[in-house]
Every structure is written in structure tokens, then in C-alpha cells.
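This report describes selected local features of a predicted model. Please consult the sequence and the structure shown here.

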Amino acid sequence: MQRQYLSIDIGGTTIKSARIDHSGNIMTKGKLTTPHSKDAFIQALQTIIRENPMIAAVCVSVPGIVDPQTGNVQFTGVLSYMGEFHLAEYLEKTTKLPVYVGNDANCATLAELWLGNLVGVGDGAVITLGTSVGGGIVINGKLLHGPHSRAGELSAIVTNRDDPDVEQRTVGATTSAVKMVEMIARVCKLPDPTDGRQAFQKISAHDPLAWKIFEEYCRRVAYLIIDLQAVLDLEVVLIGGGISVQPILIKEIKTQFAKVQKSDRRLMADIAMPVIKAANFGNEANLLGALYGLLLKIEN
């Protein structure tokens, strides 16, 4: 029987956990609501650890800036109340086990490198579309961290530099999948502004109001990929996040990429369209990627 590892995926809404073996087989799963205070957050981690005895190591995916060497985290978004927290050190002292902590988008990328659609790819990227935009960049077959552990922070790319609203100038603000779904729900008078399935039913039916919003959204994603290509010239770009399971999304991003490229002869000459497809893993990506980060850490 292979050793099992405890993988924890910390999100703004839920904390997921799983026991996974060395081959990436998920043996058990757990989930609880993400707390809203530091004390409750730590207590939640202790509960997960207590419920998973006899494990070989702990690996964690978190939203925030992570130092891959120390496992220190500068939490962001709805978890900003945690501030800077020495998460790896805390877990090592608590469990007396090896610990790995990685940024959530980087973990999603590691999952694709290990067992997904980046296997054998030298230069690629994962773009995760959700409340904001996350990313992971692979160069020469390895995840790029950068000297400040901030490589792949695609949400911080400035695109609308002349927008009077400073907070609307970045990719993270203008390319939110959640906001896109909410806009479609509003103009189409859908009952639940958070129900992506209903929004995509309207999109798939080519409802004029929904399609206009969707088309513009896919164009913004295409511009982001073009920007990446201008700097990195990638082979493959994977689209992750909940909406990536919708085939029409990938198709329209490709269509918009081609349209933008054809509209400017410089883009036709200087930019190559990468392979654009959906990421292989959905909700399990961060759990698997965190484990692969741990295995790489142990190997090195």
C-alpha cells in the first residue's frame, strides 16, 4: 500500500482536503466552509489534520503570495485578515511532518505538469478564470516563480491604463468570470446572478444580450494570451476555472484571438497562436498540484 499525503486546498469560500497517494489517486475527500477570522482559520486546519492521521506529509494550496522556499504566505483577497503567516512553519511544528505550501494558481499549473495537459510541454501557461484571473507559467518544463515569488500574477497586468477608476485598470478587474456571469444574469433577468449554468444556456442559445457580453469577455482573454505570446512565445495555454468546462468558451477565445490577430498585420507577423484548450483538472487541480509541489520539494 502506497503512503498517503494530506492535501489541503484553501479557497475564499471552502477549504477542501484529500488523502492522495504517491501516484495521484485521491483516496478520501473532505470540505468545510472557510472561516472569517484568524483563530477560526487555524482551528479549521487543526480539525482537518486531526481527522487525517497516519499521513506521510502535508501539502497546501493557498490564495496569496507564497515564498516557495520557506512556505511563508502573504494572504490576499477575502483571506487578507490572515496577513503574513508562516504557514509551513506552523504546520511543520503542529504535525512534525514535511510540509509544502504553494500559490493556488501555481498548484493548478503543477497538476497539469504532473498528470495533465502540460505533460511533455516545455513552455506553457495556465490561465484560471474565476472571481479574478490567476496564472502559472512554465518555462523549459519548470514552473516559473521569479525572484520575488510573483511570476504568473496575471491579474495585475494593466490593460485599461486610462480608465478613471484605478481599480478597473487591471486584467483581474476586467476579466472576472464571476462578473461576466452576473452581467448576463442582470441583462437577461435570470433569477440567480451566480448560476453560471443558466448564463451559459443563454450564451449557447446565442441570446443577443448574453452573446455580446460573452464575446467581449472572450476577446479580453484573447488579448491576455496575445500579451503573453509577445513576451514568452508559448506552445500551449490552458484555460482553467469553473467555466473552462464549457466547450463554447475555448472555441470563442480561439475565434477572438484570430480576429484580433488578423486586424493588425504586426500581430500576424510577430505573434503565433499557441494551442489553446481547457485544463485537464477541475476542482481537484489544486489538491493534486500541491502534492506534486511537495514531491518535487522532497526530490530536490
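With a relative accessible area of 14%, Thr95 is buried, because the cut-off for burial is under 20%. The residue belongs to helix 2 (residues 87–95).

Two polar contacts involve the side chain of Thr95. One reaches the backbone oxygen of Leu91 at 2.7 Å; in the other, a polar atom of the Thr95 side chain lies 3.2 Å from the backbone nitrogen of Leu97. When neighbours within four places in sequence are left aside, Thr95 is in contact with Ile49 and Val58.

## Aromatic pairs: Phe41 and Phe75

The whole structure contains 5 aromatic pairs. One of them joins Phe41 and Phe75 in an edge-to-face arrangement, with 5.8 Å centre to centre and 75° between the planes. This pair links distant parts of the chain: Phe41 is in helix 1 (residues 38–50) and Phe75 is in strand 6 (residues 73–75), 34 residues apart. Phe41 and Phe75 are both buried.

## Aromatic pairs: Phe200 and Phe214

The ring centres of Phe200 and Phe214 are 5.8 Å apart and the planes stand at 80°, so this pair is edge-to-face. Since Phe200 lies in helix 6 (residues 196–204) and Phe214 in helix 7 (residues 208–232), the pair ties together parts that are 14 residues apart in sequence.

Phe200 counts as buried at 3% relative accessibility, and Phe214 counts as buried at 0%. Ring pairs also link Phe200, Trp211 and Phe214 into a cluster.

Note on methods
Residues are numbered from 1 along each chain as its sequence is written. This is a predicted model: local features need pLDDT of at least 70, side-chain atom pairs count only at pLDDT 80 or more; totals for chains, interfaces and linings use all residues. Side-chain values use heavy atoms; hydrogens and water are left out. Helices (H or I, at least four residues) and strands (E, at least two) are DSSP runs, numbered from the N terminus. Buried means under 20% relative accessible area, exposed over 50%, partly exposed in between (1.4 Å probe, protein chains only). A polar contact is a pair of N or O atoms within 3.5 Å; within protein, one must be able to donate a hydrogen and the other to accept it, and residues adjacent in sequence count only if both atoms are side-chain atoms. Contact means heavy atoms within 4.5 Å. Rings of Phe, Tyr and Trp (its six-membered ring) pair if their centres lie within 6.5 Å; planes under 30 degrees apart count as stacked, over 60 as edge-to-face and the rest as tilted.
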